[in-house]
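Dear colleague,

Please find below the structure I promised to pass on, together with its sequence. My notes on what was found follow directly after it.

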Amino acid sequence: MKPAGAATDLREPRHRVSRRAVPYWTVKALGRWIVGGAIGALLLMVFVPDTGWRIGVASVVAVIAVIHLVVMPRWRFAVHRWELTDIAVYTQSGWFAQERRIAPISRVQTVDRERGPLEQLFGLANVTVTTASAAGPVRIEALDLATAAELVERVTSTAEISEGDAT
């Protein structure tokens, strides 16, 4: 029997991402809908001669966009979680397709903090923990800046004292 909290325990992590993630994800998705909508409108103008069809298609796309912009950020906020223990970094992410991952501290190779222009605007940062895993790095998105800085420091110091070889 494995001890509670063992590295193979795919339980729900304890900590949520920043509440500012909801407006951040909304603005990020809105930008994509605006660009996609402009391209779609151009294609409709060129390839669909009937105005009625243009209005119908544009209306359906607009309704889908509004539903996506209202539902997706809140759903993601409800799902996205993270946790650091002495033995692993736990993450849970997604909204439509959801994923839970663990990165054993003994396998940590690098820890990075990233902030793009939009994250900077919202005071957020992303933390990426790279391990010797074929599944790729573990990424924690939309943390407030202070939490991200503390997490990077804690993962780094915890990995330093780990007895693993990070391979």
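Tyrosine 90 is buried, its relative accessible area being 1%. This residue belongs to strand β3. In sequence, tyrosine 90 and arginine 14 are 76 residues apart, yet their C-alpha atoms lie 8.9 Å from each other. Please bear in mind throughout that this is a predicted model.

Helix α2

Helix α2 covers residues 51-79, which makes 29 residues. At 1.5 Å a residue the helix should span 42 Å, and the 41 Å between its end C-alpha atoms agrees with that value. At the start of the helix, a side-chain oxygen of aspartate 50 comes to within 3.1 Å of the backbone nitrogen of glycine 52.

Which residues of α2 are buried? They are Ala65, Leu69, Met72, Pro73, Arg76, Phe77 and Val79. The spacing of such a list can be read against helix geometry. An α-helix has 3.6 residues a turn, so residues three or four places apart point the same way.

Proline 73 deserves a separate entry. It is located in helix α2 and has a relative accessible area of 0%, so it counts as buried, the cut-off being under 20%. Beyond its neighbours within four places in sequence, proline 73 is in contact with Val22, Trp25, Thr26 and His68. The C-alpha atom of proline 73 is also 9.5 Å from that of valine 27, a residue 46 positions away along the chain.

Histidine 80 sits in the loop between α2 and β2. Is this residue buried or exposed? With a relative accessibility of 5%, histidine 80 counts as buried. Its side chain reaches the backbone nitrogen of glycine 94 at 2.9 Å. Apart from neighbours within four places in sequence, the residues in contact with histidine 80 are His15, Arg16, Val17, Trp25, Gln92, Ser93 and Gly94.

The sheet β5-β6-β7

Three strands make up an open sheet, in the order β5-β6-β7, with antiparallel pairing. Strands β5 (108-114) and β7 stand at the edges with a single partner strand each, so one side of each has no neighbour in the sheet. On average, neighbouring strands of this sheet are turned by 15° against each other, direction ignored.

The two pairings can be described in turn. β5 is joined to β6 by six bridges, in the antiparallel sense; here glutamate 114 has asparagine 126 in β6 as its bridge partner. Strand β6 (residues 124-131) pairs with β7 over five bridges, also antiparallel, and valine 129 stands opposite valine 138 in β7. β6 and β7 form a hairpin with six residues between them. In the turn, glycine 136 has a positive phi of about 90°.

Finally, helix α4 (residues 145-161) lies across β5, β6 and β7. Relative to β5, α4 runs at about 165°.

With kind regards

Methods: Residues are numbered from 1 along each chain as its sequence is written. This is a predicted model: local features need pLDDT of at least 70, side-chain atom pairs count only at pLDDT 80 or more; totals for chains, interfaces and linings use all residues. Side-chain values use heavy atoms; hydrogens and water are left out. Helices (H or I, at least four residues) and strands (E, at least two) are DSSP runs, numbered from the N terminus. The expected span of a helix is 1.5 Å times one less than its number of residues. Buried means under 20% relative accessible area, exposed over 50%, partly exposed in between (1.4 Å probe, protein chains only). A polar contact is a pair of N or O atoms within 3.5 Å; within protein, one must be able to donate a hydrogen and the other to accept it, and residues adjacent in sequence count only if both atoms are side-chain atoms. Contact means heavy atoms within 4.5 Å. Two strands pair if DSSP finds at least two bridges between them. Axes are lines fitted to C-alpha atoms, for helices over the stretch in contact, and angles run from 0 to 180 degrees between N-to-C directions.
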